Amino acid sequence: MIEMKKTLFYPLWKADELENRLHSFELEGWRLKSITYSCVFNFVKSKPKNSDYIITYDMAKDRTQCMYEYEQMLLTDHSANKIQTKFTAFDVFRVTGKNREYNDLKNYRRSYFKHVLFQHMLISAIFLIIGICLIFAAILQQASGSVILLTCIYIFISALNFSYRMYGYIKQVLKDKAN
């Protein structure tokens, strides 16, 4: 059995692109076997098939009933196979059946992703605010240069993270408005 490992990084707001990429691998004869660490995709050589891939996501401690129902619907109504995942934040389903009408799922998923990305943006904003408070406290306490430097590094990393999360949220909002 011929296997291939591929590192693919797709942020949450590009789930549709990842689904299309996995579909094209399937058409080329590379069937997705498993995913590790959200970016290491393991494929096996197989007969080319016209299979769709659907990604679902559940934010930690936010197991929504609707997303769970859609996952069950994929397994039962659409004859989907759940791909083995390890240390991932999302689930991937391969659909090989004839019923491939999942517009409701994709519409719900788009709005749910917007909610998740907004939560991620807020959490990263909290870290940024904490960093700003720390730098003010360090300056007022006349802390050493190394403490101020470390705090500035923390603020820089927090600002980058916040910017990345905000960019993703904006991309998802624009995608949601377009559909």
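**Exercises: sheet and helix packing**

Strand β2 (residues 30-36) pairs with β6 in the parallel sense over three bridges; two strands pair if DSSP finds at least two bridges between them. The model is predicted: local features need pLDDT of at least 70, side-chain atom pairs count only at pLDDT 80 or more, and totals for chains, interfaces and linings use all residues. Residues are numbered from 1 along each chain as its sequence is written, and side-chain values use heavy atoms, with hydrogens and water left out.

**Exercise 1.** State the strand order of the open sheet and name its edge strands.

*Solution.* Helices (H or I, at least four residues) and strands (E, at least two) are DSSP runs, numbered from the N terminus. The four strands follow the order β1-β3-β2-β6, with mixed pairing. β1 (3-7) and β6 (84-86) are the edge strands, since each pairs on one side only.

**Exercise 2.** Classify the crossing of α1 and α3 and describe the contact.

*Solution.* Axes are lines fitted to C-alpha atoms, for helices over the stretch in contact, and angles run from 0 to 180 degrees between N-to-C directions. The axes of α1 and α3 (residues 103-140) come within 11 Å and cross at roughly 135 degrees. Angles under 35 degrees count as roughly parallel, over 145 as roughly antiparallel, 65 to 115 as roughly perpendicular and the rest as oblique. α1 and α3 are therefore oblique to each other. Contact (heavy atoms within 4.5 Å) is made by Ala-15, Asp-16 and Glu-19 of α1 with Lys-106, Arg-109 and Phe-113 of α3.
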